[in-house]
Structures are given as C-alpha cells and as structure tokens.
Amino acid sequence: MYVPADQLDDPGRRAALGIGDGIGFRTKPQPAIDILGDMVTGRSMPSWCAGDEVYGRSGELRTFCEDNGIGYVLRVGCAFRAELAAGVRPRADAAVTRFLTAARSWQIRAVAGSKGERRYAWAWVATTDHRHFLLIRKHLGTGELAYHYYYVPPRRPVTLMTLVRVACLRWPVEEDFGFGKDHFGLDHSQVRLYTALLRHIVLTMAAPAVCAVTAGQAKTRAPQPILPTRPDQEPPVDTGLIAPTVAEIKRLFNLVTRKHHPQDHHLKWVMWRRRHQARARWYHYRTRLRRNQPA
C-alpha cells in the first residue's frame, strides 16, 4: 500500500498512523520486481508481462525481465528514447514522424473488450539489437498515439498480434479497479490508520473475487449470446438474457442480509436488467458492424 516517503520518514507520523518499523518506502517497480521474482522462483511466470508508464520508465524493472527471459510490453511516454539506428536515439513521437509516415506501416488489429472488439492501428519500429522495439497504437477516429517499449527474449517467435494482446492486458486490470471502486467501495474507506485501511482494502478485494468466481461459474452454464451477423440485420423478438454479471451476483448476495422489498420484487429487477443489457449488447454489436463496413 502506498504511503508517501515524507510520512514514513517522520517517526511521530508513523506512530499516529499505526505503521510498524518493518515497513519502508518503495516505488511501484520495486514490489513489481519482487512479484516477478517469486513467480520465476516458483516457475509460474508467464511468457510476457505488461505495465503502464510507471513501470515502463523503470530501467531496473526492464533489466530484471531481460535477465530472467521475461518478455515485456511496457507503456512509455512520447519523450522515451530508443536507439533505432547507430547513434540515433529519437524520441518516440519523433520516430513516428520519421519512420512510420507510409500508410502500409500501420496494421489494424482488434482485441476483445468489455463492450465488444476494440480496433486500433498498430505499427512497430525495431532497434539496433532487434530484441527491443517501439510499438505504437493509433486511435482510428482521433489519431491519438500511445507508445510502448517491448523486449522479445532470444529464440522466441513473435507476431504483431501477440504484442497487441500483451499490450492490451492492462485494460481489464484498469477496468477491475474502476469496478471495485464503483461497486465494492475499494476507495470508500474513511479510516486513517494503516492497519484499518489495509483491512478495508483486503476485504474489498476479496468480495469482488468471490463474486467474480461465482459469475464465472454461472457463465459456463449460460446459453450462447444472441448477436447480429450483418449490419442490416433486424433485432430478434427476444435477445435472451446476458449471463449473470459480477454486479448481479453481488446484488443476489445482498439479498441474504437485507431486503428493502419482497424477494420476488428484487428478482424481477434482476431479470429485467439482464434482458435489457442483452438487447443493448445486440444493438451495440450491430453498430460496430455498420461502422466497420468498407467505405
């Protein structure tokens, strides 16, 4: 848990917050290295890891991954520099204008998201060692760019789609944080003591985990979703129900401890929401089909 360094350096402040002597200040990449180290030792480390700019600008983290054969796709800022030719280390944004001006340099790839496929244009530029690359993502509508620096361990085959999937691993993590705050009060603690805050965070992480496992098990027994296959397709009379979501599982668990209305009333609303969301999903997918039609 993050505590500012100035508070940890103040003995009186530490005592007031209930922080023990064994806790010291560390930047985010340092515990990340510990986590990766444990996974390497336990032989449970996946082939790739991903992270945002906080991790992308950490040379210590990048070196650890490379020394242990871990491929990475890390977000970096537009000012990040890489050696793309002998003695040439341009900024990431300058590399785009210098090496990626041709339309054929960009390839459109789609990755599944929480509301259907997310489509972006992607391009890559090799460095002098051909182990490190710049990976650039471009929004198809606004043209906004996002920069990634990645490393491919020796003797590991790689495709652009592999790197795109790794880069997009951050999306569900960020969505989970937002979901935990909105539905489980991850950021709603009013306590100011370290121990109480730590307990709150652990409990509000355990609760969505239980609901997520339950929802995942329910999804395996749910029927296949009804989705459009053509951009001009008319909606069916009944689009069915979406599989129980984590939010719906949480509402059902809430019925065990409190009921503001009769149980049948709550269950009718559960069915209404699932049917309404299934219909909204159908229209959302059809809109995407229409948007992706060739001009």
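Buried means under 20% relative accessible area, exposed over 50%, and partly exposed in between, with a 1.4 Å probe and protein chains only. The model is predicted: local features need pLDDT of at least 70, side-chain atom pairs count only at pLDDT 80 or more, and totals for chains, interfaces and linings use all residues. Residues are numbered from 1 along each chain as its sequence is written, and side-chain values use heavy atoms, with hydrogens and water left out.

**View 1. Gln-263 in helix 11.** Gln-263 lies in helix 11, residues 263-291. Helices (H or I, at least four residues) and strands (E, at least two) are DSSP runs, numbered from the N terminus. Gln-263 is partly exposed because its relative accessible area is 42%. Lys-250 is 13 residues away along the chain, and the two C-alpha atoms are separated by 15 Å.

**View 2. Helix 10 against helix 11.** The axes of helix 10 (residues 246-257) and helix 11 come within 11 Å and cross at roughly 180 degrees. That crossing makes the two helices roughly antiparallel. Helix 10 contributes Glu-248, Arg-251, Leu-252 and Leu-255 to the contact, and helix 11 contributes His-266, Leu-267, Val-270, Arg-273 and Arg-274. Axes are lines fitted to C-alpha atoms, for helices over the stretch in contact, and angles run from 0 to 180 degrees between N-to-C directions. Angles under 35 degrees count as roughly parallel, over 145 as roughly antiparallel, 65 to 115 as roughly perpendicular and the rest as oblique. Contact means heavy atoms within 4.5 Å.

View 3. Met-1, Leu-198 and Val-202 make a nonpolar surface patch of about 250 Å². Patch residues have over 30% relative accessible area and no salt bridge; like charges are joined within 9 Å, nonpolar side chains (Val, Leu, Ile, Met, Phe, Trp, Tyr) within 5 Å. A salt bridge puts a side-chain nitrogen of Lys or Arg within 4 Å of a carboxyl oxygen of Asp or Glu. Areas come from the Shrake-Rupley method with a 1.4 Å probe; for residues, only the protein chains shown count as cover. Met-1 sits in the segment before helix 1 (5-8). Its relative accessibility is 41%, so Met-1 counts as partly exposed.

**View 4. Arg-43 and its positive phi.** Arg-43 is a residue other than glycine, yet its phi is positive, near 55 degrees. The loop between helix 3 (29-41) and strand 1 (48-51) holds Arg-43. Arg-43 is exposed, at 79% relative accessible area.

**View 5. His-130 and its positive phi.** His-130 is not a glycine, but has a positive phi of about 55 degrees. His-130 lies in the loop between strand 4 (116-126) and strand 5 (132-139). At 52% relative accessibility, His-130 counts as exposed.
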